[in-house]
Amino acid sequence: MAHDSTPHAPGNGANQAGSFLFPKPPLTIAEQREHLRERGLGLEGFPDEGVNFFLASNNYYRISGYWLTFFDRDAGRFVEGATLDDIVHVMAFDDELRFLVFRMIEPLEIKFRTSFAYHMAHIHGAVAYRDMRLFDLEDAFERSQSEIDRAIRIGMRGHVPCVTHNMEKYGQLPVWALVEVLSFGTVSKMYGNLSDGELRDAVAADFRTTATLLKSWMEHLVYIRNLCAHYDRLYNRVVTKRTQFLREDIRLFDRLHLQRGRLFDTFIVLKRLYEHFDPVMWKVRMTALRDLIDMYPEVRLLPLGFPKDWLNVLSVEG
């Protein structure tokens, strides 16, 4: 829906090289602005130039994800009293929230990479990741091998020291160097495909949980981490990568009648990981989250799946 500023040759666009017909024409920035006004969004206090700047800086479809809580789909209009300020505040809140969640996942990702490499190396050897016997599904194993080979090629081309040193000296990359150049997703999938119970359980023990839960939690965090890394919306998002919970957390959701599949799922997972990993840092992060929420009192927490007593629910001992 963004303004198309690419010059076109005269005549029927369908006949021009690289042009394709689409039943819905693109709107100019001015047309986008007037479309919002016609649908009942309050633009008072914003000069047309300011609205134009906002729309030119933020794709119309991106913005539409943030106005869902202010829009009556049945009526095809914004709810009475909804303003551009409301959308801007939700977007600003989501931006800060995304940064906070990313920072919360980062040390867990690093620990997971470290634990996976350490235990694999000590139980099976430095290049055991090449051994199909340690893994379950052959097709998943082959996909991981392709990702490993690709990461090594990229590392060699980019002169990444841990890659070039080991490949030039040994012709192989030890797992403790490999995890530094693989994506979080690839390491997570390799762990999830492990058939070797000793290795699987050793990594899970570092997180004080079971291998089944750790696999589910890490796959969920990969999904959320990628949303954060690509500046995707967390607010009012249905989380498609569901996760498993402890029985007591399932009872919590049922007792509070909480909707699953929202970002609060992620915070429950993070709480369970941090309560053993770094409970002090978890309290710091919860303080930062509380301050962020207090900064935007007009932003509703229900679209995130948060209960009213969220801070007490997410508290940990230590």
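Which residues does His119 touch, not counting residues up to four places away in sequence? His119 touches His124, Leu199, Ala202, Val203 and Asp206, where contact means heavy atoms within 4.5 Å.

## Basis of the model

This is a predicted model, in which local features need pLDDT of at least 70 and side-chain atom pairs count only at pLDDT 80 or more, while totals for chains, interfaces and linings use all residues. Residues are numbered from 1 along each chain as its sequence is written, and side-chain values use heavy atoms, with hydrogens and water left out.

His119 is found in helix α4, which spans residues 84–124. Helices (H or I, at least four residues) are DSSP runs, numbered from the N terminus. His119 is buried, with a relative accessible area of 14%; buried means under 20% relative accessible area, with a 1.4 Å probe and protein chains only.

Asp94 also lies in helix α4 and is buried, with a relative accessible area of 0%. Leaving aside neighbours within four places in sequence, Asp94 is in contact with Tyr66, Asp232, Arg233, Leu234 and Tyr235. The C-alpha atoms of Asp94 and Asn236 are separated by 9.6 Å, although these residues are 142 residues apart along the chain.

Not counting residues up to four places away in sequence, Phe93 touches Tyr235, Leu292, Ile293, Tyr296, Val299, Leu301 and Leu304.

The axes of helix α12 (residues 263–277) and helix α13 (residues 279–295) come within 7 Å and cross at roughly 145°. Axes are lines fitted to C-alpha atoms, for helices over the stretch in contact, and angles run from 0 to 180 degrees between N-to-C directions. On the α12 side the contact is made by Phe267, Leu270, Lys271, Tyr274, Glu275 and Phe277, and on the α13 side by Pro279, Met281, Trp282, Met286 and Leu289.

For helix α11 (residues 247–256) and α12, the axes come within 12 Å and cross at roughly 145°. Here α11 contributes Glu248, Asp249, Leu252 and Phe253, and α12 contributes Phe264, Asp265, Ile268 and Arg272.

Note on methods:
Helices (H or I, at least four residues) and strands (E, at least two) are DSSP runs, numbered from the N terminus. Buried means under 20% relative accessible area, exposed over 50%, partly exposed in between (1.4 Å probe, protein chains only).
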